[in-house]
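Biologist: I would like to walk through this chain with you. Can we take it one question at a time?

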Amino acid sequence: MNEQEFVGLLESLLLPDTEKVKSATAALKKNYYTSPNSLTALIHILSSHPSHQLRQLAAVEARNLVPKHWTNISGDEKAQLRNQLLQSTLKEENKLVRHSSSRVVSAIAKIDFVDDAWSDLPRTLQEVAISENPLHREVGVYIIFTLVDTLGDFFVEHLGDLFTLFTKTIQDPQSSEVRLNTMMTLGRVAMLIDGDEDAHSREAFQNCVPHMVAVLKGAIDANDEAHVNQAFEVFQTLLGCDASLLQTHFRDLILFMMEIATTTSLPADYRSQSLSFLMQCARYRKLKIQALRLGEELVLKSLPIVTELGDISEEDEDVTPARSALGLLDTLASSLPPSQVLVPLLKAIGPYVTNPNPDYRRAGILALAMCVEGAPDFITTQLPEIIPMVLRLLEDPDVRVRAAALNGVARLADDLAEDVAKEHAKLVPAMIRNFDLAVQALPSSQGIEHDRYLSIIHGSCNAVESLIEGLDNKEEAVAYASQLVPRFSQFLSPEADLKSRNAAAGAVGSIAAASGEAFMPYFEQTMQILGQYLEVKESQDELDLRGNVCDSMGKIAAAVGAAPFQKYVQPLMHASEEALHLDHPRLRETSYILWSVMAKVYEEEFSPYLPGVVKAIQDCLEQDEKETALELAGGTEVEIGGKKFRVVEPDSDDDDEYIETASDDDLDYNPATAVAMEKEIAIEVIGDIISSTRDKFLPYLEKTVETVLSLVEHQYEGVRKSAISTVCRAYACLWGMAEGQGMEKWQPGFPLKVQPAPEIKKLGSALIAATLAVWHEEMDRGTVTDINRDLAATLKLCGPAILVDENGGENLIEVLVELLLQIITKHHPCQQDLGDDGEDAAPEESSEYDWLVIDTAIDCITCLSAALGPDFGQIWKNFEKPLIKYASSQESIERTAAIGGIAECISNMEGGCTPFTTSLMRVLTRRIGDEDMDTKINAIYGIGLLCEKSDDTAEITKNYPSILTQLEPFLTSDTPNKRLLDNSAGCVSRMIKKHPQNVPLQEVLPRLVELLPAKEDFAENNPAFQCIVSLYHHQEPTIQTLTAVLAPKIQQVLSPPEEQLDETTRAQLLELVQYLQQQA
């Protein structure tokens, strides 16, 4: 080969001339890279050329040609090249070239080790790693790092030798590079260790952890930013490895990271990285943090960091310690029980929100706001104390504090809309005052002050947007509309800044949604104002505004209804279709959401738009999610030898100036890409459209379902859960249409009593197979929660048909029971720490999101019982023990859910509950005396059902006196809790109907009749009036004396609302009325 020309072509790749680079690339690919001689020449250049840039390029090119040509080089030449390469690497003075050359060594070793060649390399490297020459030690350890990185499994049998070496090199007295390279290697070795199978390696690694901490500390002390970043990266990596590796030193590691975070003299980036590590710990090692009870300390040490927030604009998105501390609080609240996060936080923020320093007052309310989403149920119980604090801060003299308080209102209302909206009479006027003061101050303000007043305007709009849709009735929303719409509309004018227009558009849309048809007085004018932004597209900010306007118009359409909105549909659909082609993911998502709203408003009348809508969503779901851009932030990419490389700046911290970015088929990417999130929305929307357009969607259903099913195992959890949800909705929609066309309603149990059509069976089989494939190993708790909900809803709506397979259903039920048991006993993968084996005892307390996984699983169990009916009795024994355990929990929310679930299962399995009567009676009667009202009510409901359904007459009637004694206080008191009275009446009615001879009717019936009809829980009217019908049927004397009292009550319950009675009870009661009229 022409070596001079070859070198010249390589040098051309370094020129800042795109055409010359392209030409040289083509010539290399065509004339040189097809021959093994090119690899030999590159290694020679790497070993001896005077230009470090060319040596660097040669290393990158050689590494990529090794797999293609190394096996075609003769044995003698290979030996010479190995020695030449290793020696030149040891002598290389340029760090980037050393690292790239080391990668070539590992690429060759990857091939040689398979062929039992270069067998002396590991021993040579270990000798080099303890050489007297620090540079040799650095190179030796780095090559070992690249080998472990490339050939990890090869070293599994040699970990003992590696740890013997690392014990020395991690403490190298002279070279920080040796220490860091050892730490990086340990990060890779950690991936190879199974703590249960290899206790020696686990212990050896644990002994290295303090030295790894010392490496990070040393890099921080030396302010070596590159080493600090690499050390943090290793610790982040360890969180994905076997949990036992960090277990011994986990507490100390957490406290060390928190010490970094709270040391204000350190660079902000170091502190933010330590907080990022703590966030990952809270997410992936939450059970360990909970067991060590570190939540409170993390909360208390995060709060002072939040006070450093300073003056930041809304556009500023830089990562800072203060923002990272807020992120940590958010993660802690969603990962740990309220007792470890919210309880200490609420105690701690008292002095903050009353502190003379406004930075502290702002930190207090912002910290609370960040924790709302993670524990909404607990926050609800604290609202009587929180709301007065928020109102006080809304009147704070400091603008920044008031803006933070508005943010607090928005976050509270986002998750607790109905509860927070109950305080609207105090909150809305306070928000209006803030808005008005800011509007008055805007014209005369400048700079930071001007931005602060704008933040008040935006915050007021956002707070109203979140709060107003939670109002109990439309009249309240309409009363505020006359005050709010004119105020916000002034910021919808073209003269207002874009962010103000965005905020105002969102608020007006929510006011419309809350007002419903009563928004009509503002409808036309609002649509005209918003309409001017429907086609703006000159900038990203304008596209953001266009998206918000589209959202608001959708809410307005849903509010005013189909007829008034009709003239705006066509231009809005046209604008939404155009938005798909404007290269703005958020705008595309907005278009999809609009189509969902339009389909809900117009239902079957939306069908003319279905061809275009379905095609657009299909195109979205078929998008390729691999990155295709050839320009990256660090520099530009060039293609050399069929590979893409990023040319980075010489002062970059990357290992190579030329970094392989991978070929198109193996590009590594974050699953939560913009395209993936767009697909998530599109899938949810197609589910809405199927449910709304029903039979009009049938021509598109098969292809749509096929596409959605192909995404159920997508890497992004949002796509997975939306895909399963949409297929569930499609199945339910088909089932509903079949029933509407005459198919009999499903009946519980096996074999199936109602056979669905073949296409429904086919879809059901595909759905349950896809669901189980994801459900079994899903690590994301939100996805498991949604699967629980989706399957529960499907079983409730469509019955047992989805559980039928070629074996009749028993196999699927067995799998279903196993999965539900895993969840309610906290042994499902989504309930374990990452890298943990799950064998440790589950903690008694749960975060609210962790409990939600279990709560929805209990719902799924009750819906399974509904689908199986009496057959569920054979399965109940699997669930009885864990549910009874929850019924005795220290947490009222757990007792309530468990008792409610037990009651529903009794109702559904009917006589199947008989073998379990004694144990069920024991737990239910105990909970009648529960201090929690919801648990008490559920227990009363369950007792009544058990008395009605069980055939164990002796056990049931034996307990009648005790039950009636427990119920007597509720029956004879004037408690304001209507549900308690309704369920007590229902319970007694069921007892009377089943065993009237065991109830003192003369004493009980007058009070029972007095309590009727039910005031809140209308379902309890059915057993009560069925009992009365039965007593009349048997000509019971006491009930006949109460006819005059009963007559107006019967008339009342037969009147609207219709949901006061089910059809069966209504028919029986009408017959009774006729009978009584005949007797009169």
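Biologist: In which loop is H995 found?
Modeller: This is a predicted model. Helix α46 covers 978-994 and α47 covers 1001-1011. H995 is found in the loop between α46 and α47.

Biologist: Is H995 buried or exposed?
Modeller: Buried means under 20% relative accessible area. The relative accessible area of H995 is 6%. So H995 is buried.

Biologist: Which residues is H995 in contact with, leaving aside its neighbours within four places in sequence?
Modeller: Contact means heavy atoms within 4.5 Å. With those neighbours left aside, the residues in contact with H995 are C947, T953, I956, T957 and Y960.

Biologist: What covers the buried residues of α47?
Modeller: Take the buried residues first. In α47 they include L1001, V1004, L1005 and R1007. L1008, V1009 and L1011 are buried too. Their cover includes α45, α46, α48, α49 and α50.

Biologist: Where is P1013, and what is the omega of the peptide bond from L1012 to P1013?
Modeller: P1013 is found in the loop between α47 and α48. Most peptide bonds are trans. The bond from L1012 to P1013 is cis, with omega near -10 degrees.

Biologist: What is the omega of the peptide bond from P1056 to P1057?
Modeller: P1057 sits in the loop between α50 and α51. The peptide bond from P1056 to P1057 is cis, and its omega is near 5 degrees.

Biologist: What is the phi of R293, and is R293 buried or exposed?
Modeller: Most residues other than glycine have a negative phi. R293 is not a glycine, yet its phi is positive, about 55 degrees. R293 lies in the loop between α16 and α17. Exposed means over 50% relative accessible area, so R293, at 53%, counts as exposed.

Biologist: What is the phi of E910?
Modeller: E910 is found in the loop between α41 and α42. E910 is partly exposed, with a relative accessible area of 37%. E910 is not a glycine, but its phi is positive, at about 50 degrees.

Biologist: How many helices and strands are there, and why is the chain called as compact as a globular protein of that length?
Modeller: There are 51 helices and four strands in the chain. The globule rule gives 31 Å for 1080 residues. The chain counts as that compact because its radius of gyration is close to this, at 35 Å.

Terms used: Residues numbered from 1 in each chain as written. Predicted model: local features only at pLDDT ≥ 70, side-chain atom pairs only at ≥ 80, totals over all residues. Heavy atoms only, no water. Helix = DSSP H or I, 4+ residues; strand = E, 2+ residues; numbered from the N terminus. Rg over C-alpha atoms; globule rule 2.2 N^0.38 Å. Buried < 20%, exposed > 50% of the residue type's maximum accessible area, 1.4 Å probe, protein only.
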